[in-house]
Amino acid sequence: MTKNRYLLDCTLRDGGYINDWEFGHDNLVNVFERVVAAGVDVIEIGFLDERRNFDINRSIMPDTASAEKIYGKLKHAHTMVVGMIDYGTCDITHLQPCKESFLDGIRVIFKKEKLLPAMEFCRQVKTLGYKVFAQLVSVSSYSDEELKSAVAIANDVHPYALSMVDTYGLLNPTSLLHILKIIDSSLDSDICLGFHAHNNFQLGYINAMTVLESGISRDVLVDGSLYGMGKSAGNAPLELIAMSMNEKFDKSYQVSEMQEAIITSIIDFQKKSPWGYQLFYYIAASNRVHPNYVSYLMNKRTLSITEINEILQKIPEDQKLKKNGKLIEELYLNYQKKDCNDQETLQRLKTKLANQKLLVIGPGTSVKKCENLIQNYIHEEKPIVISINYIPDSFNVDYLFVTNNSRYLQMASKLLDEKYYNIPVIASSNITKYDGNFEYVVNYSNLIDEKAEFPDNSMCMLIKLLEKIDCKEITLAGLDGYTADNVNYFDADKEYSFLKEKAEVLNRYGRNFFRMHNERIQARFLTASLYEEKKNDY
């Protein structure tokens with residue numbers, strides 16, 4: 001190691017979030033040998049986690065002895081070999097003394113609230129002879145005073161390195177330098193200062209270079225991974241940092257070896273499960289919230305991006321980086337509850353629809369498969385046709401029922417077409433029109449089922465509405481229910497992949513719904529549906 005600027009490869013550890021650490025033994029060996037041949041200063045070979053069984057194909061191991069079984073025959077020249085422990089997942093009893101281990105060092109990662117016990121654990125690990133790296137998770141969540149306190153504790157434990165971890169990719173060069181200077185000003189001079197970036201804002205590489213070029217007069221270590229492989233938006237690419245360090249710090253990393261490792265062992269994983277900058281992680285980082293909140297709202301598929309941002313901004317500061325499922329559900333429902341007095345609207349709809357033959361059309365695949373059947377029914381029975389959250393191309397509809405902002409935005413241009421312009425829209429009160437008002441607006445809160453896993457099922461909302469205006473019978477088409485194995489929508493672009501995991505839950509809920517409402521409104525399925533009552537379905 002020269003000129004006190006060092007490079008750590010974390011591909012086999014952080015990259016494991018992509019493939020559940022199942023690289024395969026050949027790839028583990030290849031990445032290890034290529035990174036060592038490239039002259040990288042430190043290689044992190046995986047997680048130590050006592051909850052996982054030993055698997056020679058995975059870079060997540062129950063104890064330090066397992067590292068010998070996977071990598072023991074490999075030479076690592078002057079490259080330091082480390083593993084990582086997420087504090088609390090691997091007891092000290094699972095660690096051999098360093099002199100008996102394949103590992104030279106152990107990185108211990110921990111959240112702010114676990115700082116004290118985690119640093120004491122670092123002290124224990126240090127007594128076993130390992131070089132200890134203390135990793136501050138989500139360093140951007142620390143106040144200046146909390147940073148100073150953490151540094152004081154680190155000085156007492158005196159690890160090999162103290163690392164800043166930008167867990168959610170929130171830092172930019174200015175904020176990063178602010179944190180770096182606070183730590184550097186009080187950290188003992190012989191403790192290395194590390195940095196681990198994430199790429200939510202496409203700043204992983206530039207942030208790593210900012211730390212390297214900061215001018216601080218101590219050992220500095222930055223993390224990178226091959227091709228940026230890693231959790232969420234990925235990491236700073238190892239090969240780019242190495243290239244720049246060769247130019248700026250007179251290093252001699254063999255970038256071609258890294259490129260060979262990418263081609264032979266990494267690129268196939270990228271094709272199967274892409275990582276890197278994505279809108280999803282950008283939204284999470286821009287709102288400074290945990291990605292789980294964004295995932296919940298985006299999976300609803302009922303909201304525009306503007307609305308998602310508005311909800312995320314309502315998350316209390318102390319909950320932003322946590323995973324409070326109940327909180328985000330409450331915020332979602334409260335946001336949607338744009339209550340309105342719909343009595344006059346209900347009366348107008350009652351005048352139009354009560355005592356009429358009604359055909360409700362959903363977007364299931366049966367709409368295409370049974371097109372002639374549906375056309376014949378419309379021709380012979382002449383019902384009033386209501387479509388849910390989409391406009392069919394093959395049938396003329398008399399009303400469009402809209403409960404989903406995302407779906408409404410997808411139909412916006414179509415609704416401007418002369419052919420569809422005059423279709424009356426019945427919108428739940430959570431929907432916002434571009435200009436003017438919808439012809440009919442009904443109260444969202446009165447139509448949802450807050451106790452259900454999916455409270456705003458549009459089919460159930462429409463049936464509740466029809467009950468309110470005294471409709472007694474309806475015929476249904478294209479409301480097929482869900483299967484886990486097949487496409488559920490005639491238009492594949494409308495498919496909600498996450499719903500396939502909940503297929504039977506949704507089908508059972510639908511059957512129970514029709515059973516409970518059968519006395520108030522009788523439903524007949526024109527096309528086959530998994531919502532139809534089954535014998536002994538309890």
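Me: What kind of unit do β7, helix α7 and β8 make?

Reply: This is a predicted model, in which local features need pLDDT of at least 70, side-chain atom pairs count only at pLDDT 80 or more, and totals for chains, interfaces and linings use all residues. Residues are numbered from 1 along each chain as its sequence is written, and side-chain values use heavy atoms, with hydrogens and water left out. Helices (H or I, at least four residues) and strands (E, at least two) are DSSP runs numbered from the N terminus, and a crossover is right-handed if, with the strands pointing away from the viewer, the path from the first strand over the helix to the second runs clockwise. With helix α7 covering residues 173-186, the three elements make a right-handed β-α-β unit.

Me: In which sense do strand β7 and β8 pair, and over how many bridges?

Reply: Two strands pair if DSSP finds at least two bridges between them. Within this pairing, Met 164 stands opposite Phe 195 in β8. Strand β7 (residues 161-165) and β8 pair in the parallel sense, over five bridges.

Me: Which residue in β9 is the bridge partner of Gly 194?

Reply: Strand β9 (residues 220-224) runs parallel to β8 and is joined to it by three bridges. β8, helix α8 (residues 204-212) and β9 also make a right-handed β-α-β unit. The bridge partner of Gly 194 in β9 is Leu 221.

Me: Why is strand β8 largely enclosed by the rest of the structure?

Reply: Buried means under 20% relative accessible area, exposed over 50%, and partly exposed in between, with a 1.4 Å probe and protein chains only. Cys 192, Gly 194 and His 196 point one way from β8, while Leu 193 and Phe 195 point the other way, and all are buried. Strand β8 (residues 192-196) is largely enclosed because the number of its residues that are buried is five of the five.

Me: How many residues does the protein chain have, and what percentage count as buried?

Reply: The protein chain has 21 helices and 16 strands. Its C-alpha atoms fill a box of roughly 85 × 45 × 45 Å, taken along the principal axes. Of its 538 residues, the share that count as buried is 56%.

Me: Where is Tyr 277, and what is its relative accessible area?

Reply: The place of Tyr 277 is in the loop between α10 (255-272) and α11 (279-286). Tyr 277 is partly exposed, and its relative accessible area is 41%.
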